[in-house]
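This report looks at selected helices, their packing and a few individual residues. The sequence and the structure are shown first, and the discussion follows.

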Amino acid sequence: MSKATLTLGNQTLEMPVVVGTENEVGISIGVLRGSSGAITLDPGYGNTGSCTSAITFIDGERGVLRYRGYAIEDLAAHASFVEVMHLLVYGALPTAAQLERFQHSLAHHTLLHEDMKKFYEGFPPKAQPMSVLSAMVASLSTYYETDDDLNIIRLLAKLKTIAALSYKKSIGQPFVYPRNDLDFVADFLHMMFAVPTEAYHVNEVVRKALDMLLILHADHEQNCSTSTVRMVGSSGADLFSTISTGISALSGPLHGGANTAVIKMLELIRADGSDYAKYIAKAKDRNDPFRLMGFGHRVYKQFDPRARLIKKAADQVLDQLGITDPLLAIAKNLERVALEDEYFVKRKLYPNLDFYSGIVYRAMGLPTSMFTVLFALGRLPGWIAHFKEMRDNRDRLHRPRQIYTGPMLRPIPPIEYR
Ligand code: ACO
C-alpha cells in the first residue's frame, strides 16, 4: 500500500501513503490543494497527523505507550526521571558517564538570577501557580537571549526551582535555595518543604513515587500542549517563549488541569454524602454540564496504561505512609460503577492518568494548587524533545487552513443604517 486514491467530482487524485515503524498509516494530502483547491477538514485535529516523530508511540486501542521504543511499564520500574529526560531529549538512555555529566549539569544550573526573585513580589498572593510558571519561564528568555543548547539544560534545571518558589510564595514562606548534593526529585521536595527553622529529610517513599509519576507524565506525543509547543516553535520562537505556551495549554481542565478538577470533584461527592451513583447519572445526562473528570481520552479507547500504574502507586504510597484517604475509596467506586455502565462502555471511556494522580500527590503532602505544576515538571522533557526534533528536522511553519463560514463580500452601510 503505497498510494491512496481520492475521487473528488470528476477528478481522481493519487496521494502517497506514509507508514510508520509500528505500521501506522498516514495519507499525505499535500497534493490535494494544489490539484483540486480543496482542503481536509478535521476540527480538533482528531484524525490529523501534523508531523512524523521518533519520540513516543501510543496505540490507544491496545493501551500501549512507549518512549523511544521502551515500554512505559519498564521505564517506570527500572529508570529514573533523569534518565528518562536524557532518553527523550537526546534520544538514548544515558551511559553511566553520560548520566553523571547530565546530573552534574542539571545540578549546576538550578539557580535563578537573583533579580527574578523580585518578579514573585509582583504576583498577587493567590496567583495561580500555573500562570506564575508560564510567566516565569517566558521571562527566562530575557536573561538568556542566545538560542543555544545550554538553554535546554537551563530550563530542565530551573523549572523545579521556579515551581517550588511559586509554592513558597503562595504560602508566604521564605524561598529555599536548591542543593546540588541532592538528586533531582529530592532537591525539588527540599525546595518545596524545607523551612529555615528545622532540618528537612526527604522521605524516600515520597521521592521514589514522585520520580515515577514524573516519568509517567514525561511525554504523550501530539497532545494539546505538545502540539502548541510545536506550533509556536515552528515560527522560530525561542525555547523559553515556546515552552511557556505549552504550560498555558496544559493548565486547562480538559488537559493537565484535570488532575486538580478530579480532586475537586471527589471532594464535592464526599461533601454530598459520597453518593457516587448520583454523579455517574449526572455525567451521563446530556443536559448537565458535569463530566466525570479524569475519565475519557482522545487517543485511549482502552485503559490508559499510566492510570493502571498510578492506581497501583496510590495503593502502595498510602499504605507505606500509613494514610487513609476517603477520596481513594470514592474514586475506586466511581471507576467500578463507570466501567460496568453501558454509557461509559459504549463510548470506551476509561480512567486517564489524572484520575488517581491527585490522590498520590495528596498523600505526599503536595497541595492541590500544585498538581498541574507537577504535571508540567514531568512533561517538560517531552516538550523539549519535540521542540528539538522539530528544529533538527527543519519542520515547516505550522499554519492550518480553514473553511470560511462568515458573510460574503458586502458594502459598508452608512452609520445611520447599521
Ligand atoms: N464524562 C462523561 N462523558 C464523557 C466524558 C466524561 N469524562 N468524556 C467523554 N464523554 C462523552 C462525551 O459526552 C461524548 O458523548 P456523545 O458521543 O454522546 O456526545 C463522548 O463521550 C466522546 O467525548 P468527546 O468529548 O467527543 O471526546 P474528546 O476526545 O473530544 O474528549 C476529553 C476527550 C476532553 C479528555 C474528554 O473525555 C473529557 O472531557 N474528559 C474529562 C476531562 C479529563 O479528564 N481530561 C484529561 C485528559 S488526559 C490529559 O490531557 C492529560
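A residue is called buried when its relative accessible area is under 20%, and exposed when that area is over 50%. The model discussed here is a predicted one.

**Helix α9**

By that cut-off, eleven of the 14 residues of α9 are buried, so the helix is largely enclosed by the rest of the structure. The buried residues of α9 are Val 206, Arg 207, Ala 209, Leu 210, Asp 211, Met 212, Leu 213, Leu 214, Ile 215, Leu 216 and His 217. Helix α9 covers residues 204-217, and at 1.5 Å a residue its 14 residues should span 20 Å, a value that agrees with the 20 Å between its end C-alpha atoms. The N-terminal end of α9 is capped by Asn 203, which places a side-chain oxygen 2.8 Å from the backbone nitrogen of Val 205.

**Two helix contacts**

Helix α3, residues 81-90, packs against helix α4, residues 96-107, at an angle of about 95°, and their axes are 10 Å apart. Because angles of 65 to 115 degrees count as roughly perpendicular, α3 is described as roughly perpendicular to α4. On the α3 side the contact involves Val 82, Glu 83, Met 85, His 86 and Tyr 90, which meet Gln 98, Leu 99, Phe 102, Gln 103 and Leu 106 of α4. Sorted by class, the residues in this contact of α3 with α4 are six nonpolar, three polar and one charged.

A second contact joins helix α6, residues 129-143, to α18, where the axes come within 8 Å and cross at roughly 35°. Pro 129, Met 130 and Leu 133 of α6 make this contact together with Thr 372, Val 373 and Ala 376 of α18. Five of the residues in the contact of α6 with α18 are nonpolar and one is polar, while none is charged.

Thr 161 is part of helix α7, residues 150-171, and His 190 belongs to helix α8, residues 184-193. With a relative accessibility of 3%, Thr 161 counts as buried, and His 190 is likewise buried, at a relative accessible area of 8%.

| Side chain | Backbone oxygen reached | Distance |
|---|---|---|
| Thr 161 | Thr 110 | 2.7 Å |
| His 190 | Tyr 177 | 3.1 Å |

When neighbours within four places in sequence are left aside, Thr 161 is in contact with Thr 110, Leu 112, Tyr 120, Pro 178 and Met 191. Under the same exclusion of neighbours within four places, the contacts of His 190 are Val 176, Tyr 177, Arg 179, Leu 182 and Tyr 200.

**Residues with positive phi**

Arg 394 lies in the segment after α18, which itself covers residues 371-392. Its relative accessible area is 76%, so Arg 394 is exposed. Although Arg 394 and Ser 234 are 160 residues apart in sequence, their C-alpha atoms are 8.6 Å apart in space. The phi angle of Arg 394 is near 50°, a positive value in a residue other than glycine. Tyr 45, which is not a glycine, also has a positive phi, of about 50°, and Tyr 45 is placed in the loop between α1, residues 30-36, and β4, residues 56-59.

Key: Residues are numbered from 1 along each chain as its sequence is written. This is a predicted model: local features need pLDDT of at least 70, side-chain atom pairs count only at pLDDT 80 or more; totals for chains, interfaces and linings use all residues. Side-chain values use heavy atoms; hydrogens and water are left out. Helices (H or I, at least four residues) and strands (E, at least two) are DSSP runs, numbered from the N terminus. The expected span of a helix is 1.5 Å times one less than its number of residues. Buried means under 20% relative accessible area, exposed over 50%, partly exposed in between (1.4 Å probe, protein chains only). A polar contact is a pair of N or O atoms within 3.5 Å; within protein, one must be able to donate a hydrogen and the other to accept it, and residues adjacent in sequence count only if both atoms are side-chain atoms. Axes are lines fitted to C-alpha atoms, for helices over the stretch in contact, and angles run from 0 to 180 degrees between N-to-C directions. Angles under 35 degrees count as roughly parallel, over 145 as roughly antiparallel, 65 to 115 as roughly perpendicular and the rest as oblique. Contact means heavy atoms within 4.5 Å. Ala, Val, Leu, Ile, Met, Phe, Trp, Tyr, Cys and Pro count as nonpolar, Asp, Glu, Lys and Arg as charged, and the others, Gly among them, as polar.
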